[in-house]
Amino acid sequence: MTAEQPTYPPVSLRSQIPFWRDERVLRILAQVVSAILITGFVVWMVRNVIITAQQRGLSLGFRFLTQSAGFPIGESLIPYDPSMSFAYAFFVGVLNTLYVSSLGIIFATILGVFAGIARLSSNWLVSKLAQVYIEVHRNIPLLVLLYLWHSAVFLQLPRVQESIVWPGPVYLNQRGLYMTWPRLTETGQPFVIGFAAGLILAAVVWVLLSRLQTARGGNTHYVLISLVVLAVCTAAGWIISGGNPIALDVPELRGFNFRGGMHLSPEFAALLVGLVTYTSAFIADVVRAGIQAVPRGQVEAARALGLNYRQALSLVIMPQALRVIIPPLISQYLNLTKNSSLAAFIGFTELFFIGKTTINQAGRALQVILLVMAVYLVISLFTSLIMNLYNRRVQFVER
Amino acid sequence: MLRKPLFVLISILILSMALAACSGAAPTAAGPTEEAAPPDTGATTTEAVGEAPGGEPEAQPPAASGQIVERVRSRGTLVCGSRTDLAGFGYLKDNRNVGFDVDLCRAVAAAVLGDPEAVEVVNLSAAERGPALQTGEVDILSRNTTWSTVRDAQWGNFTWIMFYDGQGFIVPADSGITSIEDMDGATICVTSGTTTELNLADAFRQRGLDFEPVTFEDTASVYGAYEEGRCDVATSDLSQLASVRSGFADPEAHVILDITISKEPLTPAVPSGDDVWFDIVKSVMFGLINAEEYGVTQANVEEMKNSDNVEVRRLLGTEGDWGQSDLGLDPDAMARVIAAVGNYGEIYDRYMGPNGDAFTLDRGLNRLWTEGGLIYAPPLR
């Protein structure tokens, strides 16, 4: 019983398919045509911009960045004064954005995970509170939230002369939070080195001993030992530095404002709190989705093995939930970073705000916007790169 | 995994370098451009000229004189970049744009289009006004803008100073501040992107004093924060301070200090490249000032057309030619202007005079030169 062998047309006939129906030709043609269209469009746009700029007398170079900025910047992590260049002012803005974004990401994650787990709690009150929190912060625009925190909360704090005083001393008023902060004295170098060395050694000891414990069983007391290592190195640094490495910077009311100590302005606080609460609501829902994605059987099996809920959560559920959580978490982090640009409206001097001021003082809108875009792009790509590396470790391995 | 973000990064970098490279005769980047081909300059009459010494390559604007007038006439309205939120200069009253700056725009509209109402006021923030003028989005920028050399070089052409102002400070009456030295270490609210910001930094640096700046982009936030007590001092042009003080909950609780730390000549500006438009707007401003000099007011403009004074007759177009035919304006353009908005003094008094609609501010330097002030215009001849 031999099946009929299918007959194919001879090779010569196959090549006689007209080219406008030939798959191979059409595929290549489509690519070529779209490449030409897209490249043509981009070239036309760029050419248009350049010709228009020349017609209007706008310059397109970046040399203005070396000119003196002239404008003051309220908050800066590095020393800045108005005689420095625009490029330096830009850099101050970038640092401010990174500062707010990194702190925001850390706090938003903590708060978001907490809220997400609370949302799933069996305690009705806790669950409802978390639901209200999440719904409110997901459904109100971020800018409105920022204005709310800034004008209705942080600016309504008492005036400087009537500051709220907490032990420390820590002063809270409408100009910000002023905290007593440790400051390194001249002899403090060995202490810092000791502390840093202690941290590194302790981390190494922790990893080694915990791996040893999982491999061999028993109890190597790795937590205790690494803490001891840290304490010993820090104490050694303290002694070597002569016993007085740290001085306390106490804020004092001198004239109009408090001087000294660590200062957090209301603009920074409003931005941080607004961003953190807003993004944590989204992260909470992502976490909730991740936890609910873990099959119910896993929880039941964990309980059957005698693990309590906290152990089940940390040892069984979360590692599996992370696979679902991490990818949307990445986009929430990117959102937070980009949303920090809204600070321009409440007066926090981050990158976009400084960019707009630069446009006004230097007149080069196109170059400044391109620079700002490039910086945000680099920050976002870097963040997603790091997070994707972590994602590789937790994602499903398909066979 | 790394290739895609790297590719995007490199594309952006190359695009920026291409823009920089193509902007002038001197190549600023040697990178390969895969997307943007350098534009062939045969298409237009412009060519990038060689580098100015120590500066960036600047292009010659083409001879585009007359373009803006044609555009305005064919559109039928004058696009006036101004504000809607500053009492006295540009604000809304009964849903109508009014104010000193807006009236200057109406004067130009009356001269060119014959109708002072044919004005479209575009509200611009301090950050937007430069680019809006540079790109020609507005035909005239009348937005209490200080004339400075940098702005003249970058934004457009500044016509004629219509308001001599200076930068001052406003403080709570009970703060005890009377001089700049008293403000050492104070928190000062200021609008970002203004000459005010720069002058403030310079003034304090010169005196070796310290201050904490709090900057916002929109004016309302600046004074809102000052009123709340976020700052000890707010600084801006004296006219703006007078204007916002009148809007405070308790104007008497605030005092404008008797200090002026800078020259702020507020000047209407036009986009660069069109000489005819530049001359037209200047002539209208000259006309307003000269009208006050000769005593021509909104009320008596009709009878003044037959005045004994030959200069008045020339101004109002009854005889002679002050250049209106070269500029393409009707002979009675100035008469229309005065009939529409009045002369300089009338415009000033309407908003800032003793019976001003917004507030009262002594004319000071804004008096006519014949009365000891600085308001002086070339003759219309």
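## Helix 5 against helix 8 in chain A

In this predicted model, the axes of helix 5 (residues 142-154) and helix 8 (residues 266-293), both of chain A, cross at roughly 135 degrees and come within 9 Å.

Who makes the contact? From helix 5 of chain A come A:Leu142, A:Leu145, A:Leu146, A:Trp149, A:His150 and A:Phe154. Helix 8 of chain A answers with A:Pro266, A:Glu267, A:Ala269, A:Ala270, A:Leu271, A:Val273, A:Gly274 and A:Tyr278. Sorted by class, the contact between helix 5 and helix 8 of chain A holds 11 nonpolar, two polar and one charged residues.

## Confidence along chain A

Chain A has a mean pLDDT of 88, with 97% of its residues at 70 or more. Within chain A, confidence is highest in helix 4 (residues 124-139), at a mean of 96. Its lowest value belongs to helix 1 (residues 11-14) of chain A, where the mean is 60.

## Chain B and the complex

For chain B the average pLDDT is 84, and 87% of the residues score at least 70. One stretch deserves a careful look: residues 24-63 of chain B have a pLDDT below 50. Even so, this stretch of chain B has 76 contacts in the model beyond near neighbours in sequence.

For the complex, the predictor gives an ipTM of 0.74 and a pTM of 0.74.

Definitions and conventions
Residues are numbered from 1 along each chain as its sequence is written. Chains are lettered from A and ligands numbered from 1 in the order in which they are written. This is a predicted model: local features need pLDDT of at least 70, side-chain atom pairs count only at pLDDT 80 or more; totals for chains, interfaces and linings use all residues. pLDDT is the predictor's confidence in each residue, from 0 to 100. Helices (H or I, at least four residues) and strands (E, at least two) are DSSP runs, numbered from the N terminus. Axes are lines fitted to C-alpha atoms, for helices over the stretch in contact, and angles run from 0 to 180 degrees between N-to-C directions. Two residues are in contact if their C-beta atoms, placed from the backbone, lie within 7 Å. Ala, Val, Leu, Ile, Met, Phe, Trp, Tyr, Cys and Pro count as nonpolar, Asp, Glu, Lys and Arg as charged, and the others, Gly among them, as polar.
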